[in-house]
Amino acid sequence: MKPAKFDYICAATVEDVAEVLGEHGADARVLAGGQSLMPMLSMRLSRPQVVVDITRVPHLDGMRIEDDHLFVGAVARQQSLAGVADLATRFPLLSQALPWIGHYQTRVRGTVVGSLAHADPSAELPLCLVAMNGEINLRSPRGSRRVRAEDFFKGTMLTDMADDEFIQSARFPVAKPTDRFAFREVGRRHGDFAIVAAAAVRDDTGIHVTVGGVNDVPFRRRFDGLEVHDIGDAVSELAAELDTRSDLHASAALRRQLVRSLASDTLKEVLS
Amino acid sequence: MRRIPANEQVRVSVEVNGRVVTGQAESRTLLSDFLRHELGLTGTHVGCEHGVCGACTIRIDGDIARSCLKLAVQVEGASIETIEGLAPAPDSLSVLQQAFVEHHGLQCGFCTPGILISLDTLLRNEPNADEMRIREVLSGHLCRCTGYTPIVKAALAARDRLKELD
Amino acid sequence: MNSDTLNSDSPRIEDGPLVTGRGRFMDDLPVSVRTAQMAVFRSSVAHARIARLNVDEARLLPGVLAVITSREVMAHTAPLAVGIRVPVECWPVAVDRVRYVGEPVAVVVAESRYIAEDAVDLIEVDYEPYEPVMSIDHALKADAAILHDKLGSNLCSDRSFCYGEPDAAFEQSDHTVSVDVLYPRNSCTPIETYGIVADYDAHTNTYEALTNFQGPFSIHTVVARALKVAGTQLRLKTPPDSGGSFGVKQAQFPYVVLACVAARVAGVPVKWIEDRVEHLTASVSATSRQTTLRAAVSSEGRVLALDWSQVEDVGAFIRAPEPATLYRMMGNMCGAYDIQNLRIRNRIVMTNRTPTGLNRGFGGPQVYYALERLMQRIAVELKLDPVDVIRTNLIRSEQFPYRTASGGLYDSGDYQLSVDEALRQGGFGELVTRRNAARREGKRYGIGTTACVEPSVSNMGYITAVLTPEERAKAGPKNGAISTATVSVDPSGSVAVHVASVPQGQGHRTVLANVVGDELGLDAAEITVVTELDTTRDGWSIASGNYSSRFAAAVCGAASIAADRLRLRLTEVAASQLNVRVDEVRLIKGAFSCADDATRAISFKRVASTGHWAPGTITGDGPPPLRETVFWTPPELAAPDADDRVNSSLCHGFIFDFCGVEVDVDTGQVTIDKYVTMHDCGRVLHQGMVDGQITGGFAHAVGAAIYEELAYAQDGSFVAGTFADYPVPTSMEIPDPVILHTCTPSPFTPLGAKGVGEGNTMSTPVCLANAVADALDVDDVQLPLSPTNILKMMNVAEPETSTPAASPGAFASRPIHGGGSVTVNATPLKIWLMLLDPQTLREIVPGCHSVDRVSGTDFVAHVRFGVGPVSGDYKVEIGLFDLDEPHSASLVGNATGALGNGSGEGRIELKPVDKTQTEIVWEYGAHAGGRVASVGSRLLNGATRIVMNRFFEALGRQAQDEGSPSGAEPGSDNEPETGLIGRALDRLLKRGDS
């Protein structure tokens with residue numbers, strides 16, 4: 001299990017990264033924390049001609065609050081979320097989901113943006129970004145553009161990013177004091193990708209639940225005006241609506257059961 | 001922008017356990033292979049090469065890392081600590097290492113170096129870590145011999161001893 | 001011996017190097033600078049004929065020294081010998097045909113592992129697929145594909161045994177209770193994988209292999225025979241440290257043969273370190289077993305007879321020492337119970353799965369899963385207390401040594417006492433109270449109980465029970481279990497011990513230092529112990545190695561005998577030097593002294609060195625006392641008799657477990673609330689190590705019971721090739737068990753010790769299963785106790801919804817399936833013609849490099865499929881059939897490439913919407929095999945969906961010439977809008993051009 005050959009480029013600036021991607025497109029892969037790409041390189045599932053390392057680009061490791069958003073730079077680590085002041089009150093969903101993201105060891109190296117870019121349907125951070133109405137800031141030789149979370153995830157490991165684009169940063173909005181969030185997840189083991197994860201949000205726009213681990217992308221469903229006594233029916237409809245499939249970790253029936261259970265728990269929590 | 005073509009061997013200089021050392025690597029050489037086969041630091045073990053088992057865990061610039069998920073060329077100029085650097089002297093053991101010996105926290109010892117690096121880092125950063133926190137951090141490592149019970153005991157004993165010494 | 005000093009909890013002498021990174025494991029050791037690295041090219045399909053194998057490009061890659069295929073392997077070797085006479089040839093590489101995913105097809109020797117893997121990527125193979133046989137049921141079907149043609153079926157052994165009068169017992173009994181269970185495949189997966197350095201000396205025709213092999217060394221003979229050399233021409237050596245094995249490293253011997261051949265062909269030493277994907281896919285597995293077990297039972301719950309029907313899946317080949325898993329428990333098929341009427345039918349089948357071999361528990365988990373589920377069912381069906389059913393049937397203490405119906409001889413035990421103490425010390429009453437309270441709160445809480453006999457020190461002759469008495473008579477008797485130990489003194493009077501035990505973390509050196517130090521009146525720290533083995537230099541025999549929990553009972557026993565003999569000889573020397581009678585000499589704390597005058601003493605070192613410096617002063621017969629080597633075998637381990645009775649193991653420990661579990665009905669998760677495990681393993685030699693074996697075995701068992709399965713898809717693909725997909729439990733999943741002990745020393749072993757390394761892998765899975773059965777009040781339990789299986793067992797109807805259930809589609813039975821539709825501005829005929837035109841297909845298939853028409857409706861394409869970071873080049877063959885121009889067509893396809901292979905079928909319909917518009921509707925079912933399935937099965941459906949949708953979207957775009965689609969409708973896949981697909985297509989085409 002050793003990677004195939006590739007050219008290694010250690011980028012010094014954001015412009016370097018854009019230049020390499022502009023030149024090589026899909027034949028180049030961006031390396032940050034390495035928690036997803038490195039195993040794929042070693043298993044030779046991924047065989048880029050060029051690996052562009054962005055870990056030494058200055059200022060990409062930022063994680064700060066500006067304009068009522070948590071701004072997360074491309075190489076900011078997942079573990080750095082734990083250091084964000086008042087995470088539990090300003091970003092309750094991130095705070096609740098953080099312990100479920102991999103392990104201590106992978107959070108220290110894994111980046112928030114890397115997880116978003118990898119777009120694993122079972123990963124927690126894409127789910128949070130969608131549930132929180134976050135944004136992605138893409139960069140390419142052609143310039144920059146912003147994409148809303150719900151427009152960004154397109155399929156299993158597929159995003160709206162063009163081949164010459166990379167994520168320069170992601171933005172998670174600060175919660176209002178009246179907003180309510182709840183997160184639940186079931187995996188086979190502690191630290192595993194979710195079989196099903198669910199996040200419920202109640203804010204001044206209404207109520208919605210986002211489900212990860214089932215469809216190819218985090219699936220968000222609005223339940224505006226939902227009352228507690230309707231939750232049972234609502235989550236049953238939600239489970240039937242999703243594209244539940246069987247794999248070695250869970251049957252389709254289990255996924256539906258988990259959707260009902262976790263969506264119900266999270267909705268109850270935000271409605272109580 | 002530094003470019004290392006696929007077919008080139010380059011020199012990588014890195015500080016390991018307090019000494020600057022140099023070795024040859026290709027762009028694709030895994031750091032775990034570089035440490036073991038180029039620098040001769042065979043204490044870092046390779047158990048899965050996909051970042052799950054934790055046997056290859058080391059510290060890079062003070063933070064833990066799976067060395068199978070890093071390229072050798074990425075650590076140019078960095079400071080690395082491996083299992084070989086944990087003991088205070090060749091004939092003595094750190095408090096954590098000693099606790100592993102006393103509580104039978106290892107059997108075959110293959111996963112042990114990575115576990116020691118993780119727990120050493122944890123107890124440095126969080127000297128009051130409770131059993132749940134220790135188990136949580138330990139869950140980033142797979143051990144097939146011990147059933148984890150004696151490892152948790154050893155970690156708790158080391159934590160208490162370190163607090164006494166502090 | 002002095003048991004008080006022996007049962008210490010002393011720190012291990014092994015630990016210093018291991019905690020400081022100075023261990024000496026396989027991949028840590030220096031090798032010749034000439035050493036090259038080996039990588040293995042493996043089958044990506046479960047069952048196929050190898051139509052073409054092309055290694056030319058691989059051979060030409062710079063840095064490659066040799067590529068070895070079955071041609072070279074067959075030129076230098078003979079098939080691997082097996083214990084039963086069946087027309088099945090087992091080679092270390094596939095010959096003409098592959099029979100499981102991961103089977104070696106060729107090996108590359110190169111300057112580095114990186115280059116070797118580059119070369120592996122260049123090997124091309126064409127397979128003609130056969131039907132894969134993936135289950136025991138399927139293997140037994142009359143119309144199933146046959147793995148080994150000469151065998152004529154997949155059944156390679158069928159033997160029946162009868163002891164006592166089972167028929168009469170069933171006739172006379174009040175009740176018959178039965179269970180039907182399937183034990184799934186799993187493996188103990190040591191964290192260090194297989195490793196070998198092999199070399200060949202053409203001048204002496206001698207092979208040398210350093211390998212972290214674990215024994216039994218009967219396998220040495222198998223390897224030597226395969227290499228067509230005398231045993232002494234195969235020098236097998238083991239490294240000082242081995243990173244766990246649990247039986248698993250026994251099965252690397254075919255790779256030893258391969259590496260030896262590779263070294264011979266390449267002309268250099270060859271090193272191979274197995275990687276994790278290789279290990280999970282193709283190293284070895286425990287057997288899967290289908291068992292029907294019936295009991296004749298009295299109304300009081302007394303079992304009068306057992307009737308076993310076991311069908312064992314040994315995988316694609318029967319590989320030494322199989323079918324040992326099926327026969328290891330032959331002497332203790334009635335477990336801890338006094339049952340003298342017994343019938344057994346044992347069948348062995350071959351399936352297209354990885355061959356099986358040693359794995360901690362080795363037959364025990366499979367047997368006790370059936371037996372102890374049965375005991376629980378007896379309690380439920382007869383409305384008795386499960387503990388009472390166990391107690392009623394236990395062998396009584398006065399019956400020991402106890403001869404079982406099938407010939408086992410249980411050495412010692414007080415089972416009733418052990419159960420009573422477990423219940424009392426473990427707080428069984430409180431647990432029942434806890435369960436009742438939990439149930440009142442509406443929780444699903446259950447209690448499980450299990451009683452097991454843990455066999456240890458295997459009789460090397462038990463495997464011959466698979467032969468008929470006539471076949472055995474012809475082959476000659478096989479029996480015994482020789483263990484080997486040498487205790488020596490050097491010219492300085494220092495003591496060294498060598499044993500042929502090959503530990504993988506069990507602390508053998510520490511325990512042996514204690515045992516020998518105890519015999520010789522020395523501190524353990526004064527004893528040097530060497531456990532690595534060199535078959536050319538050291539004493540060993542076929543039973544050597546570390547398996548069947550034989551260390552404490554047999555190896556330590558042999559060492560204590562050797563030390564005792566040396567002590568007696570040295571006492572004679574001391575007596576002569578002290579000028580007293582031998583019986584007047586005492587050996588205490590490093591000195592020989594006179595019994596009546598302790599001041600007349602002479603140091604141990606001085607006496608021990610005498611044989612070296614002044615042999616002429618030593619009186620008596622024989623050589624001077626420098627070294628004692630003991631080959632010890634217990635007389636109790638006789639060959640199977642003419643009535644098929646066999647004492648399959650020397651020692652029989654006792655285990656009684658109980659546990660409380662809670663099942664979360666919402667999530668299907670099982671939480672172990674409390675687990676109590678009582679062990680009688682005879683005399684404990686080192687408390688820390690005994691308890692370490694128990695906690696370790698318990699963790700393996702929890703993994704096997706709840707989490708792990710070496711899972712295959714229906715089509716034969718292996719889908720658990722990473723530690724993400726083979727979920728070994730972590731510190732968050734494994735609770736601390738309560739460990740209790742009783743002790744009845746074994747009268748058959750020199751130190752009174754019995755084995756303890758495997759017991760919980762036998763007792764714990766079924767104890768947890770019994771608890772889950774109790775919690776859910778269900779009759780049948782399926783392992784692993786995963787949320788999916790728990791949900792299935794609960795069998796709760798899903799709520800009705802207004803959303804109609806998605807149509808499963810024609811291909812829903814395939815692991816990958818889906819469909820969709822798109823409406824385009826073109827006529828059906830136009831689209832039809834495009835689908836049959838290679839030029840158009842080349843343009844629209846994403847990542848397509850070429851399309852050629854082979855015949856009217858058959859095409860071959862070369863395509864790069866890519867999803868996210870994953871991409872690979874594939875050769876795709878597509879055939880169209882059921883053509884109904886221009887309305888519909890069916891197609892079948894096969895794709896092969898470096899990442900694996902896939903095959904699928906599909907149906908396309910072209911439905912006119914109006915004069916200018918057509919709706920294209922597609923549906924497909926597929927499976928994928930090889931690497932991409934082994935390591936990424938979780939993501940395959942989504943990735944396939946992307947590729948399929950890209951194609952049809954592109955077809956739609958092309959069909960319209962100009963203009964945009966009139967609107968795509970999401971198919972059953974909830975596929976996002978078309979813009980994306982178009983962009984993705986652009987990307988792929990652009991990449992194809994670059």
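1. The loop that runs between helix H20 (687-707) and strand E28 (738-742) of chain C holds C:Glu708. This placement, like everything that follows, is read from a predicted model.

2. Is C:Glu708 buried or exposed? Its relative accessible area is 1%, and C:Glu708 therefore counts as buried, the limit being under 20%.

3. Two polar contacts involve the side chain of this glutamate. One crosses to another chain: the side chains of C:Glu708 and B:Arg144 come to 2.9 Å. The other stays within chain C, where the side chain of C:Tyr726 lies 2.7 Å from that of C:Glu708.

4. Apart from neighbours within four places in sequence, C:Glu708 is in contact with residues including C:Asn186, C:Ser187 and C:Gly703. The run C:Tyr726, C:Pro727, C:Val728 and C:Pro729 also belongs to its contacts, as do C:Pro784 and B:Arg144.

5. The largest nonpolar core comprises 257 residues. Those with the most contacts inside this core are B:Phe100 together with C:Leu306, C:Trp308, C:Ile378, C:Phe656, C:Leu768 and C:Leu785. Helix H9 of chain C (residues 253-266) is the element that gives the most to the core, with 11 residues.

6. Residues up to four places away in sequence being left out, C:Leu785 touches C:Val670, C:Ala705, C:Ile706, C:Leu768, C:Ala769, C:Val772, C:Ile790 and C:Met793. Among these partners, C:Leu768 is also listed with C:Leu785 as having the most contacts inside the largest core.

7. How many residues of chain C are in contact with chain A? The number is 70, and they meet 54 residues of chain A. The size of an interface is often expressed as the accessible area lost when the parts come together. Here chain C and chain A bury about 5,400 Å² between them, with 52% of that area on carbon and sulfur atoms.

8. Nine salt bridges are counted between chain C and chain A. A salt bridge joins A:Arg44 to C:Glu117, with the closest N and O atoms 3.8 Å apart.

9. On the side of chain C that touches chain A, helix H26 (residues 940-959) gives the most, with six residues. By class, this side has 30 nonpolar, 19 polar and 21 charged residues.

Conventions: Residues numbered from 1 in each chain as written. Chains lettered and ligands numbered in written order. Predicted model: local features only at pLDDT ≥ 70, side-chain atom pairs only at ≥ 80, totals over all residues. Heavy atoms only, no water. Contact = heavy atoms within 4.5 Å. Buried area = accessible area lost by both parts, 1.4 Å probe. Salt bridge = Lys/Arg side-chain N within 4 Å of Asp/Glu carboxyl O. Helix = DSSP H or I, 4+ residues; strand = E, 2+ residues; numbered from the N terminus. Nonpolar A, V, L, I, M, F, W, Y, C, P; charged D, E, K, R; others polar. Buried < 20%, exposed > 50% of the residue type's maximum accessible area, 1.4 Å probe, protein only. Polar contact = N/O pair within 3.5 Å; in protein donor to acceptor, adjacent residues only side chain to side chain. Core = buried A, V, L, I, M, F, W, Y, C linked by side-chain atoms within 4.5 Å.
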